[in-house]
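User: Could you walk me through this one? I'm new to it, so please spell out the terms as you go.

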Amino acid sequence: MAYCGHCGEAADARDHTRCAELLRMEPPRFCGACRRRMVVQVVPRGWSARCVEHGEVRG
């Protein structure tokens, strides 16, 4: 099952259009694979988000 990186709900649970818009401007807060809250670090040149189970994503 896939989850929304912004709100953490199941991707097919509701319309996530607004979440997708927000994710263009800010890093994901939840892992899309397991729904765990990620450790997020924002720096001037980008961001990184780390899931304990699935590793790091950068943007």
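Analyst: Let me begin with Glu21, which is partly exposed, with a relative accessible area of 31%; here buried means under 20% relative accessible area, exposed over 50%, and partly exposed in between, using a 1.4 Å probe and protein chains only. Before going on, please note that this is a predicted model, in which local features need pLDDT of at least 70 and side-chain atom pairs count only at pLDDT 80 or more, while totals for chains, interfaces and linings use all residues. Residues are numbered from 1 along each chain as its sequence is written, and side-chain values use heavy atoms, with hydrogens and water left out.

User: Okay, and which side chain does Glu21 meet in a salt bridge?

Analyst: Glu21 meets the side chain of Arg18, at 3.2 Å from N to O, where a salt bridge is a side-chain nitrogen of Lys or Arg within 4 Å of a carboxyl oxygen of Asp or Glu. Both residues lie in helix α1, 3 residues apart, which is about one turn of the helix; helices (H or I, at least four residues) and strands (E, at least two) are DSSP runs, numbered from the N terminus.

User: Is Arg18 buried or exposed?

Analyst: Arg18 counts as exposed, because its relative accessibility is 52%.

User: How many salt bridges are there in the whole structure?

Analyst: A search of the whole structure finds 4 of them. One of these joins Arg36 to Glu53, with the closest N and O atoms 3.8 Å apart. That pair links distant parts of the chain, since Arg36 is in the loop between α1 and β1 while Glu53 is in the loop between β2 and β3, 17 residues apart. Arg36 is partly exposed at a relative accessible area of 39%, whereas Glu53 counts as exposed at 53% relative accessibility.

User: What about Arg58, which residue does it form a salt bridge with?

Analyst: Arg58 forms one with Glu56, and the closest N and O atoms are 2.9 Å apart. Arg58 counts as exposed at 63% relative accessibility, and Glu56 counts as partly exposed at 43%.

User: Switching to the strands, what order do they take in the sheet?

Analyst: There are 3 strands in an open sheet, in the order β1-β2-β3, and the pairing is antiparallel. β1 and β3 stand at the edges with a single partner strand each, so one side of each is left without a neighbour in the sheet. On average, neighbouring strands of this sheet are turned by 15° against each other, direction ignored; the axes behind that angle are lines fitted to C-alpha atoms, for helices over the stretch in contact, and angles run from 0 to 180 degrees between N-to-C directions.

User: How many bridges does β1 have with β2?

Analyst: β1 and β2 pair in the antiparallel sense over 5 bridges, and two strands are said to pair if DSSP finds at least two bridges between them. Val40 has Ala49 in β2 as its bridge partner, and for Val42 the bridge partner in β2 is Trp47. A hairpin joins β1 to β2 through 2 residues.

User: And on the β3 side?

Analyst: β2 pairs with strand β3 (residues 55-58), again in the antiparallel sense, over 4 bridges. Arg50 stands opposite Glu56 in β3, and the two strands form a hairpin with 3 residues between them.

User: Where is Ser48 found, and which residues does it contact?

Analyst: Ser48 is found in strand β2, which covers residues 46-51. Leaving aside neighbours within four places in sequence, Ser48 is in contact (heavy atoms within 4.5 Å) with Val39, Val40, Gln41, Glu56, Val57 and Arg58. Ser48 counts as buried, at 9% relative accessibility.

User: One more, what sits over the ring of Phe30?

Analyst: The charged end of Arg37 does, 5.0 Å from the centre of the ring; a charge sits over a ring if NZ of Lys or CZ of Arg is within 6 Å of the ring centre and within 35 degrees of the ring normal. Arg37 is in the loop between α1 (17-23) and β1 (39-43), and Arg37 is exposed with a relative accessible area of 55%. Not counting residues up to four places away in sequence, Arg37 touches Arg29 and Phe30.
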